[in-house]
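Morning, everyone. I have one structure to walk through today. Please have a look at it first.

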Amino acid sequence: MGKEVNIDKVIRQHLEMEQFFSGFSLKSTAGTPEPQQQKEDDMTAAQKAAELEKIAAEVNKCRECDLGSTRTNAVPGEGNPNARIMFVGEGPGADEDAQGRPFVGRAGQLLDKIIAACGLKRSDVYIGNILKCRPPGNRDPRADEIINCLPYLQRQIEIISPEIIVALGAHAARTLLNTTKPIGQLRGQFLDYYTGIDKPPTKLMATYHPAYLLRNYSPDNRRKVWEDMQKVLTELGLPIPERQTG
Ligand code: URA
C-alpha cells in the first residue's frame with residue numbers, strides 16, 4: 001500500500017513556502033544602489049537586445065534535435081539584456097511550452113517571489129534555460145539535447161555578461177560547471193563558470209530549483225535557497241530585504 005497523502009498538509013506547506021518568500025521588504029530605499037547601477041559593459045543595452053533577438057530567432061527556427069518537432073513554442077529566454085543576475089533553469093515545462101516564455105508556471109511563480117524577496121523585479125534579471133524546448137512529458141534532458149542546445153545559452157551569457165549566474169537545480173548547475181556532483185554539494189558557494197579559455201570566469205551560485213522546493217517543502221530547503229540568494233545580493237553590493245514581522 002502506498003503512503004497516504006495528507007492533502008491539507010501539502011496545501012498548508014505550499015502556502016507557507018509561498019508566504020515565506022512574500023514576507024520580505026527593504027527597510028528604506030534611500031541610498032540603495034539600483035540593481036543595474038554598477039554594471040559596466042562594452043556593448044550598450046540596445047546592442048545586447050539586438051544580439052539576443054538574433055539568437056531568439058535562431059532558437060525559434062531550430063531543428064537540431066527532435067524537440068524541435070515536439071514543442072509547441074521554443075522558449076529562448078527573456079529579461080534585461082544588461083542584467084547583473086542571470087537565472088538559468090533546466091528547460092521549459094508545459095506552461096512555458098504553451099506561452100514561449102520561461103518560468104511562467106508554478107515554479108515560475110515561486111521564482112518571481114524569490115526575485116521579489118531579493119528586492120528585485122523580474123525585469124531586472126535575465127531568465128534562461130539549458131534547453132530551449134520542452135522535453136515531452138517533462139522528462140530529464142538527454143545529453144545529446146543538451147549538447148545541441150547549450151551553444152545558444154553560452155552565447156546569451158556572453159552577450160548579457162552577468163556578474164552572477166544563478167543555476168537553478170542540478171541539471172543547470174552540473175551542465176554549466178561541467179560536473180556530476182550533486183546539487184547539495186554545489187549550492188551555497190560561488191563557483192566559476194568559464195565562457196572561454198582567454199576570458200575571466202563568471203561567478204555562479206547554484207541553488208535548488210523552485211520546482212524542487214515545491215515538491216520537497218521544508219523550512220530547511222527554503223532557508224538554504226534564501227541564504228544562497230543573500231550571498232548573491234551581498235556579492236553585488238545590493239541590500240538584503242528583511243523579513244516583516246507582525
Ligand atoms: N522549469 C525550468 O527549468 N525552466 C522553466 O522555464 C520552467 C520550469
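Let's start with the lining of the largest pocket. By residue type, it splits into 13 nonpolar, ten polar and seven charged. Bear in mind that this is a predicted model.

How big is that pocket? Its volume is about 640 Å³. The lining counts 30 residues, and those nearest the centre are E90, A107, H209, A211 and R215.

Which helix gives the most to this lining? That is α9, with four residues. Helix α9 spans 210–215, and at least two lining residues each also come from α4 (94–99), α5 (106–117) and α7 (169–177).

Two cavities reach 30 Å³ or more. The largest cavity holds about 100 Å³. Around the largest cavity sit 14 lining residues, with C62, C65, L67, C133 and C149 nearest its centre. Helix α6 gives the most, with four. By type, the cavity lining has eight nonpolar, two polar and four charged residues.

Why look for space this way? A probe the size of a water molecule, rolled over the atoms, shows where empty space is left.

On to the core. The largest nonpolar core has 65 residues, and F21, F87 and L176 touch the most other members. Helix α6, residues 143–160, gives the most to this core, with eight residues. As background, nonpolar side chains in soluble globular proteins tend to be buried together.

Take F87. What does F87 contact, beyond its neighbours within four places in sequence? The partners are L111, I115, V125, Y126, I127, G128, V166, L168 and M229.

L176 takes us to α7. The buried residues of α7 are G169, A172, A173, T175, L176 and L177. They pack against two helices, α6 and α8 (183–186). They also pack against the strands β3 (85–89), β5 (164–168), β6 (190–193) and β7 (202–207). Just after α7, N178 has a positive phi of about 55°.

Last, the whole chain. It has ten helices and eight strands. Of its 246 residues, 48% are buried. Take the contacts between residues at least 6 apart in sequence: 74% of them join residues at least 24 apart. The chain exposes about 12,600 Å², with 49% of that area supplied by carbon and sulfur atoms.

That's my tour. Over to you.

Technical notes. Residues numbered from 1 in each chain as written. Predicted model: local features only at pLDDT ≥ 70, side-chain atom pairs only at ≥ 80, totals over all residues. Heavy atoms only, no water. 1 Å grid on protein atoms, 1.4 Å probe; cavity = no way out; pocket = protein on both sides within 12 Å on 5 of 7 lines; lining within 4 Å. Points joined across faces, edges and corners; volume = space filled by probe spheres on them. Nonpolar A, V, L, I, M, F, W, Y, C, P; charged D, E, K, R; others polar. Buried < 20%, exposed > 50% of the residue type's maximum accessible area, 1.4 Å probe, protein only. Contact = heavy atoms within 4.5 Å. Areas by Shrake-Rupley, 256 points an atom, 1.4 Å probe, with all protein chains shown as cover. Core = buried A, V, L, I, M, F, W, Y, C linked by side-chain atoms within 4.5 Å.
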